[in-house]
Amino acid sequence: MSDKQALNATFFAFRKREKAVLLPATIAFAVVAIVMFGAFSALNWQAFIDYMNWAASISSSSAGAAGGGQPSMDAMMPPQSVMSIAPTYFLLLLGYYILLASYEAACLRWMIHGETSGLFGLSLGADTWRVYFGYWVWFLLLIAFYIVCAIVAGGAFASIMMGMQGGAEPSANAVIVPLVIGLLVVVALIYFSVRFAPAAATSVARKKFAFFDAWTVSKGRFWALLGAFVLLFLMFFVFVIAVEVAFGVMVGMSAASSIGHTEPQSAEEAFRAFATPQYMAGVIAIIVALSFASMMFYIALFGVNARAAALALEEGKITVSGA
């Protein structure tokens, strides 16, 4: 893939197309996600309040411990209301990732094949489940990576300890070799992540679960894909940092004007101290800005992978199943 092709891949999702599909799918995804998380928050609002109060009490207990006090074991345990939401939170995440898979499948299907289905592009069809099971493969690969990291870290620690036997200072090799191995692990993580990045797009392109065919799709395009991903991540992180700085300035100004020199004694008092129209409007604006940036970031990533899969189809590297 040439530099020009890489640039086209970076912004492939935002090319002008004959029909608006990505926007309705994005709005539908956002609405359903807001309803899901809003319902979860409403049903578990008291648990959230209990958690905030518990966190405040732990902070106070820690301050007391520094002054000679010691918090009890019971005080260190989260409230029962917080612990009881774990099953419903798991169901929420399960539903959210199915929704996300439906959204990603809708975007990829339109950008690769020019096809759409379901409600505003979202459906529970075969493409959705191909993308969803791809998430599980990524999860298993992540676990495998953590195991490798644990083995490398254990070997590095053992190497350093062996070099310090007898109270001697560790040798240069005992320090340098683990660092080099750690660097190689990080490089391998980046390499394999980029090579398998178009996995979901490959499954949608082939119209069958073809996670590992992404290796063929990304062959010869590693640097182009890496460059596109790095550019998108940099753009996203710069925007997030700018928003966080603006949020910090807003919180500081609100705290100075609303709280003054009186420290709130509970979570409810803290909420009331910040519950001014100006503060709430700022929070809402920041949430909207971050949500919009996140959705654009998602779509751009989908577009890079869709472009790679579409080019692989054109070049005959992969074929549509049954074609």
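This report walks through the fold, the pockets and a few single residues of one predicted protein model.

## Ground rules

The model is predicted, so local features need a pLDDT of at least 70 and side-chain atom pairs count only at pLDDT 80 or more, while totals for chains, interfaces and linings use all residues. Residues are numbered from 1 along each chain as its sequence is written, and side-chain values use heavy atoms, with hydrogens and water left out.

## The overall build

Let's start with the big picture. The protein chain has 13 helices and 0 strands. Here helices (H or I, at least four residues) and strands (E, at least two) are DSSP runs, numbered from the N terminus. Follow the sequence and you read α-α-α-α-α-α-α-α-α-α-α-α-α.

How much of the chain is buried? Of its 323 residues, 33% count as buried; that means under 20% relative accessible area, with exposed being over 50% and partly exposed in between (1.4 Å probe, protein chains only). The chain exposes about 18900 Å², and carbon and sulfur atoms supply 72% of that area, as worked out by the Shrake-Rupley method with a 1.4 Å probe. Now for contacts, meaning heavy atoms within 4.5 Å. Among those in the chain with a separation of 6 or more, 76% are between residues 24 or more positions apart.

## The largest pocket

Rolling a probe the size of a water molecule over the atoms shows where empty space is left. On a 1 Å grid over the protein atoms alone, using a 1.4 Å probe, a pocket is an open set of points with protein on both sides within 12 Å along at least five of seven lines, and lining residues have an atom within 4 Å of a point. Grid points are joined across faces, edges and corners, and the volume is the space filled by probe spheres set on them.

The largest pocket holds about 1500 Å³ of space. Its lining has 38 residues, and Y135, W138, F139, L142 and S193 lie nearest its centre. Which helix gives the most to this lining? That's α7, with 12 residues. Each of α6 (86-113), α7 (126-163), α8 (172-195), α9 (199-206), α11 (222-258) and α13 (277-315) supplies at least two. By class, 34 lining residues are nonpolar, 3 polar and 1 charged; Ala, Val, Leu, Ile, Met, Phe, Trp, Tyr, Cys and Pro count as nonpolar, Asp, Glu, Lys and Arg as charged, and the others, Gly among them, as polar.

## The second largest pocket

This pocket has about 920 Å³ of space. Of the 31 residues that line it, A30, S291, F292, S294 and M295 lie nearest the centre. The elements giving two or more residues to the lining are α2 (22-43), α6 and α13, and the largest share, 11 residues, comes from α13. The lining splits into 24 nonpolar, 3 polar and 4 charged residues.

## A covered helix

Back to α9: 8 of its 8 residues are buried, from A199 and A200 through to A205 and R206. Just after α9, K207 takes a positive phi of about 60 degrees.

A20 sits in the loop between α1 (3-10) and α2. A20 is exposed because its relative accessible area is 57%.

Buried or exposed: what is C107? C107 is buried, since its relative accessible area is 0%. C149, at 25%, counts as partly exposed. The structure holds 0 disulfides (pairs of cysteine sulfur atoms within 2.5 Å).
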